[in-house]
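Trainee: I would like to learn how to read salt bridges in a model. Where do we begin?

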Amino acid sequence: MRRGAVHLESYDPQGFYDELFLAKGQPRPSAAPLLEWIQGLSSAELQQHHKTAQITLFKLGVTFNVYSDNQGVEKIFPFDIIPRIISAVEWTKLEQGLKQRITALNLFLADIYNEQRILQDGKIPAEVINSATGFLKPCLGMQPPAGVWCHITGTDLVRDKDGQWYVLEDNLRVPSGISYVLENRRVMKSTFPQIFQTMAIQPVDEYPSHLLETLLNLAPPQLADPTVVVLSPGIFNSAYFEHSFLAQQMGVELVEGRDLVVVDGYLQMRTTKGLRRVDVIYRRVDDDFLDPLVFRDDSMLGVPGLMEVYRQGKVAIANAPGTGVADDKVVYAYVPEMIRYYLGEEPILPIVPTYLCWREQDRKYVLQNLDKLVVKSANEAGGYGMLVGSVATEVERQAFAQKIQQNPRNYIAQPTISLSRVPTLIGDRLEGRHVDLRPYILHRGEEIYVHPGGLTRVALKKDSLVVNSSQGGGSKDTWVLTGD
Amino acid sequence: MLSRVADSIYWLNRYIERAENVARFVDVNLNLMLDLPVGMTQQWEPLVVTTGDLNLFRDRYGDATSNNVIQFLTFDPEYPNSIISSLRLARENARSIREIISSEMWEEVNDFYLMVKDAAQTKNSTTLSEFFTQVKRASHRFAGVMDATMIHNEGWHFGQLGRLLERADKTTRILDVKYFLLLPSAEWVGTPLDQIQWISLLKSASAYEMYRKVQHRITPAKVAEFLILDREFPRSIHFSLWRGEQCLHQITNTPSGTWCNSAERAIGRLCAELGYLTIDDVVEDGLHEFLDQMQRSINNVGNKISETFFGMETITTNAVMSQEQTM
């Protein structure tokens with residue numbers, strides 16, 4: 001071994017499931033070529049690569065968030081250059097599980113906004129749905145094109161100590177992050193070109209083409225050249241970079257609500273040459289803000305009258321309004337039931353055991369075991385509204401207990417999952433850090449496309465289990481290998 | 001092209017050009033005051049007067065000392081036409097149309113903004129002159145990068161239009177400074193001090209050397225003629241408006257000499273008028289009065305462009321929306 005090289009033989013998974021190591025000093029077969037190559041680098045070289053990658057991302061303007069004070073502060077999403085590797089066999093199973101899950105969720109959405117058979121058959125209590133904030137009554141009776149409700153889904157997966165994958169949550173409204181996946185890969189390819197030549201890694205660049213196909217598919221078939229737009233809340237939104245990136249990559253207009261207007265029964269955009277019809281919207285605006293005439297009347301982000309045009313089938317919206325009901329963490333607990341009910345199959349991907357606080361028995365257990373559980377509010381994202389019982393103080397637990405008792409419907413609890421880890425460059429050495437995975441799934445009706453890999457988020461803080469960017473998380477490139 | 005996008009690229013260019021011009025006349029005044037005979041009072045108020053924002057300045061600062069005026073025009077984040085505000089707004093506009101402009105353009109605006117922001121924090125008066133030079137250069141660099149990297153389509157023409165209109169407006173104001181710059185008495189007309197002031201005025205329009213090539217002697221009428229009517233000097237009012245008119249015709253595909261909307265009609269009329277004007281006509285009516293009228297006409301062209309192409313309801317939720325052409 002060269003002087004100053006990275007000490008991989010001393011890397012220790014410490015009883016966690018490690019994505020690259022089987023045991024101390026023993027790489028997984030799929031990761032061996034990568035680790036061997038890293039071993040050949042000095043730690044100074046590795047750090048230099050790391051620095052170059054960060055600078056490239058900053059220059060590309062791959063940033064998120066913080067635009068609060070008009071002064072233009074964007075943060076770069078921290079990026080770690082040690083990738084996470086998923087073998088082809090493992091990926092195939094995940095892919096099947098994700099397809100199965102999204103199929104069932106889509107059938108559920110179609111059912112719940114129409115016949116509601118699943119409620120009548122008593123598989124899900126009606127009160128769960130009626131009390132879900134994402135359940136939108138104005139969407140009752142809707143029939144989106146090709147029966148597809150959630151066209152773009154980001155499903156969060158984690159794996160536990162024993163290597164078992166679990167679905168942590170579904171994001172069926174406006175899942176973010178794919179732009180980081182594509183930009184991270186671009187940076188990795190320029191940083192480590194050598195390793196891409198020796199390992200068979202599935203490329204990721206096709207996503208914008210697939211997304212555009214998915215969107216074009218929604219337009220009425222008689223239109224020769226449908227107009228697709230990306231609808232963004234504007235530059236103050238934390239995911240604005242992504243909105244702009246996707247519009248650019250697909251070569252379609254990036255619009256804001258104020259660019260659009262309903263005239264003559266159609267949705268139109270204001271151009272320098274007058275109004276032009278819009279046929280498909282990839283909306284990155286939440287349901288509540290889409291149409292002030294139907295939802296929040298104080299919203300300036302949407303378009304008055306949009307829902308009526310949508311109802312008449314004169315514009316398609318992806319994802320369909322109303323999909324948020326399936327994001328509710330209480331509804332999440334019923335997805336395995338949906339899979340059995342709609343598909344007659346057993347779920348391929350399990351969910352994390354979930355206690356529903358509105359059930360008296362569950363609530364009792366949760367309140368007595370707060371120190372062992374993770375409590376989440378049903379409708380918040382980004383790591384907010386959450387209690388990790390094992391690290392919380394007694395005062396914090398008491399405060400949460402009170403919240404649960406006041407509004408039991410709004411809380412679920414799950415056992416703490418000991419997320420798997422990936423070696424991560426910390427200073428001049430590699431240390432294990434916890435990760436999750438968000439693959440992106442595109443649903444076109446006939447066909448479901450699972451983008452190979454997805455966003456691996458990493459908790460950069462030692463021992464932390466929280467991977468959200470808003471909570472100090474970073475990201476890694478995700479390599480899905482081809483062959484075996 | 002989306003109206004909002006056209007609006008943003010138009011204003012992106014206006015704001016950059018505005019920052020450049022503010023840098024020009026503050027810097028020239030800075031130099032001019034160094035050349036004043038001992039005992040003469042410094043004159044900074046004329047700069048504020050030409051911006052049209054004298055009342056605002058008085059409310060906020062009171063006396064027109066050099067420090068106050070420089071702070072107001074350069075680094076005041078609350079004053080919407082200061083250099084730093086112009087850059088912030090330029091950057092906001094650029095950020096909102098990143099999918100339309102080249103990444104080189106974005107990087108240029110971003111760097112420019114960060115440079116001004118840094119300078120605002122240090123406020124080192126010994127390097128002020130160097131700072132103004134950097135602002136002018138950055139503006140030229142942006143124009144060059146835009147010219148060389150963006151496709152010369154509708155959006156590009158809207159950008160040019162914004163820059164040219166802003167430039168025409170600022171040239172009227174630079175000329176007007178001389179009107180407000182007081183000589184001790186009428187007998188000083190034609191003296192070295194008067195000469196120095198006209199030279200500095202030409203310099204603030206980067207017109208000094210070019211003027212010398214065309215005219216040799218410095219006389220008030222000739223300087224005014226050069227900056228208002230010269231058909232070949234790129235900062236003259238006539239040149240800027242004439243090029244702006246061409247951009248407008250490129251956008252609409254209307255043959256020049258005709259018009260299909262009120263913006264084309266307004267700018268076409270103005271160019272025709274300038275084309276047949278002599279400097280004697282201007283002097284006869286009074287230079288200040290002429291410049292005043294010219295500013296109103298240029299504003300009118302700007303308004304017609306907004307109505308014709310950017311027409312959207314007024315939304316007052318954030319700063320980008322209420323782009324104003326005061327100054």
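Mentor: With the count. A salt bridge is a side-chain nitrogen of Lys or Arg within 4 Å of a carboxyl oxygen of Asp or Glu. By this rule there are 47 salt bridges over all chains. This is a predicted model: local features need pLDDT of at least 70, side-chain atom pairs count only at pLDDT 80 or more, and totals for chains, interfaces and linings use all residues. Side-chain values use heavy atoms, without hydrogens and water, residues are numbered from 1 along each chain as its sequence is written, and chains are lettered from A and ligands numbered from 1 in the order in which they are written.

Trainee: Are Glu166(B) and Arg18(B) buried or exposed?

Mentor: Buried means under 20% relative accessible area, exposed over 50%, partly exposed in between (1.4 Å probe, protein chains only). Both Glu166(B) and Arg18(B) are buried. Their side chains form a salt bridge, 2.9 Å from N to O. Glu166(B) lies in helix H8 (residues 154-180) and Arg18(B) in helix H1 (residues 3-34) of chain B, so the pair ties together parts 148 residues apart in sequence. Helices (H or I, at least four residues) are DSSP runs, numbered from the N terminus.

Trainee: Which residue forms a salt bridge with Asp169(B)?

Mentor: Lys170(B), with the closest N and O atoms 2.9 Å apart. Asp169(B) counts as buried because its relative accessibility is 2%. Lys170(B) is buried too, at 0%. Shared partners join Arg14(B), Arg18(B), Glu166(B), Asp169(B), Lys170(B) and Arg173(B) into one network of salt bridges.

Trainee: And a case in chain A?

Mentor: Glu447(A) and Arg444(A) form a salt bridge at 3.2 Å, N to O. Glu447(A) is partly exposed at 41% relative accessibility. Arg444(A) is buried at 16%.

Conventions:
Helix = DSSP H or I, 4+ residues; strand = E, 2+ residues; numbered from the N terminus.
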